[in-house]
Amino acid sequence: MLSKKEDARHQIEFVSIDQLVPQDHLLRKIEKVIDFSFIYDLVKDKYSEGHGRPSIDPVVLIKILFIQYLFGIPSMRRTIAEIKTNVAYRWFLGYGLTEEIPHFSTFSQNYIRRFKGTDIFEKIFTKILEEAIKHGLVNAEEVFIDSTHVKASANKKKYTKEIVEQEARTYQEKLEEEINKDREAHGKKPLKKIKKIKTKEVKVSKTDPDSGMLNKNGKEKIFAYSFHTACDKNGFVLGVKVTAANVHDSVMFQEVLEEVEKRVRKPKAIAVDAGYKNPYILKTIFDRQIIPAVPYTRPKTKDGFMKKHEFVYDEYYDCYICPQNEILTYVTTNREGYREYKSNPEKCKNCPLREKCTQSKDYTKRIFRHIWEGYVEEAEHLRHTPYCKEVYERRKETIERVFADLKEKHGLRWTTLRGKEKLSMQAMLVFAAMNLKKMALWLWRKGKGPFDISKLYPLFGVLKKILSRYIQPLLSVLRKQGLKFCFVNKLHPLPGCIL
């Protein structure tokens, strides 16, 4: 039968906004696991007491950002438009159906006047992480560290080329000290410090000077930022640092690790990719008594030539032994921290393996070994253990998934903000939103959410049908056969009863 629905668009009903939001909505789950009133204590010194016009509630401002990042809404303007028509968003903010929503420029003005240059967003991230730790959801026994690139809001064709001072390595002083100790141990004079400043040419964006040109093989050259991130085995983000995209991953490793140790604890193992597999980082990991889980890296020797591992290093005599049992002796330690070992050209000249060994015109084979090479070799040995294999295998389920969710579900494949400080704020809030979402969903599944007993009513009906259809007829048949059924103490059974 064809029927037409009556138009109820102008019907007046008495209803609360709480009735319109489903009980299993994500925002209800989030509201259940955390009290956002802690934000008042963080911002109270940013507002005047008893002076000026009443402000927008700071909790509302932060919640608006959480709505944007939880649901991957691309801009604040679009977020406010969604809040105006979305009942659940209004409920989360504490707004009624007809109450006016703040203008989309409200947060940016508050950021400029109150929040800029503060650590409020980092404290919000830390508070949410502490809540997850309190509920026992964070497992930082193994930590996964990596970085991902986020496209900057900058035209890749609008830039200037500048000559800038090349930044010294963060461990340069420590390396120079170790080099001079090594040279003295070998009877060499310490190297003098060079005052010459190294420079390099870089492309600086006219739109966002804080961003850096991303120049990776197989990827489009664009201006971008790098989010250096650490997470635990459950996918909770433990720390993040934002830099220009042209800053190498290994430069920020120690800072990210220190963030993890400060917020949670020192991990038992750390899994990193090949970009972090260098002597200093591995030395840092071993010095902190942490187990590194690293991948296999292909030897950089040309095809057809003997690999470095085919030459045996004798630690006692500090020399290398080639496959023909000839010795390569120590020569010097250079400014980069590499010891040089050299063969005897008279013996190499007529060697049957020379064509596969070296193309040197003076018939001399040279091998370079970093003064911290032992840490790399130890990491290579550990790489074959079942534990390290298992830890490294989980990278794709942890840190890689965090980055995938960041870009696909939370709208950060590119950014509309400009400047490193704003990007750091955004990174903290996006990862805080991700941690909050995961915590809310996990606690809900564990039964922390309100349980509706009416959901069991269908089960009761099924049990009643089974009882009436199968159990009762069976008991009737047995009774007709003269069998008695009773519930008695097993220690004192009654005669004639089936227990």
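1. Please keep in mind that the model is predicted. The protein chain holds 18 helices and 15 strands. Of its 499 residues, 40% count as buried. If you take the contacts in the chain with a separation of 6 or more, 67% of them come from residues 24 or more positions apart.

2. **The largest nonpolar core.** Which residues have the most contacts inside the largest nonpolar core? They are Ile-30 and Phe-227, in a core of 100 residues. Helix H17, residues 420-445, gives the most to this core, with 14 residues. At least three residues of the core come from each of domain 1 (17-116) and domain 2 (138-295 + 377-429). As background, nonpolar side chains tend to be buried together in soluble globular proteins.

3. Not counting residues up to four places away in sequence, Ile-30 touches Phe-36, Leu-70, Phe-92, Leu-436 and Ala-440. There is also a second, separate core of 10 residues, and Met-306, Leu-328, Tyr-341 and Ile-367 are among them.

4. **The cavity.** How many cavities of 30 Å³ or more does a search of the whole structure find? The search finds one, and the volume of this largest cavity is about 50 Å³. Its lining is made of Leu-61, Ile-64, Met-76, Ile-80, Pro-102, His-103, Phe-104, Thr-106 and Phe-107. Two or more lining residues come from each of helix H4 (58-70), helix H5 (76-85) and helix H7 (106-115). Sorted by class, the lining has seven nonpolar residues, two polar ones and no charged ones.

5. **The second largest pocket.** This pocket has a volume of about 1,500 Å³. It is lined by 37 residues, and the closest to its centre are Pro-299, Lys-300, Thr-301, Lys-308 and Glu-373. Strand E9 (312-314), strand E13 (366-370) and helix H14 (373-383) are the elements that give two or more residues to the lining. H14 gives the most, with six residues. Domain 2 (138-295 + 377-429) and domain 3 (308-371) each supply at least three lining residues. By class, the lining of this pocket has 15 nonpolar, 10 polar and 12 charged residues.

6. **Arg-394.** Is Arg-394 buried or exposed? Arg-394 counts as buried because its relative accessible area is 14%, and the cut-off for buried is under 20%. You will find Arg-394 in the loop between helix H15 (386-393) and helix H16 (399-408). Leaving aside neighbours within four places in sequence, Arg-394 is in contact with Glu-142, Phe-144 and Lys-233.

7. **The loop between H13 and E13.** Two residues here deserve a look. Lys-361 sits in the loop between helix H13 (354-357) and E13, and it is exposed, with a relative accessible area of 83%. Tyr-363 counts as partly exposed, at 30% relative accessibility, and has a positive phi of about 60° although it is not a glycine.

8. **Gln-289.** Here is another residue whose backbone angle is worth checking. The phi of Gln-289 is near 60°, a positive value in a residue other than glycine. Gln-289 is found in the loop between helix H11 (279-287) and strand E8 (291-293). At 67% relative accessibility, Gln-289 counts as exposed.

9. **Lys-84.** To finish, go to helix H5, where Lys-84 lies. Lys-84 and Ile-101 are 17 residues apart in sequence and 6.6 Å apart in space, C-alpha to C-alpha.

Key:
Residues numbered from 1 in each chain as written. Predicted model: local features only at pLDDT ≥ 70, side-chain atom pairs only at ≥ 80, totals over all residues. Heavy atoms only, no water. 1 Å grid on protein atoms, 1.4 Å probe; cavity = no way out; pocket = protein on both sides within 12 Å on 5 of 7 lines; lining within 4 Å. Points joined across faces, edges and corners; volume = space filled by probe spheres on them. Helix = DSSP H or I, 4+ residues; strand = E, 2+ residues; numbered from the N terminus. Nonpolar A, V, L, I, M, F, W, Y, C, P; charged D, E, K, R; others polar. Core = buried A, V, L, I, M, F, W, Y, C linked by side-chain atoms within 4.5 Å. Buried < 20%, exposed > 50% of the residue type's maximum accessible area, 1.4 Å probe, protein only. Domains from an automatic or database assignment. Contact = heavy atoms within 4.5 Å.
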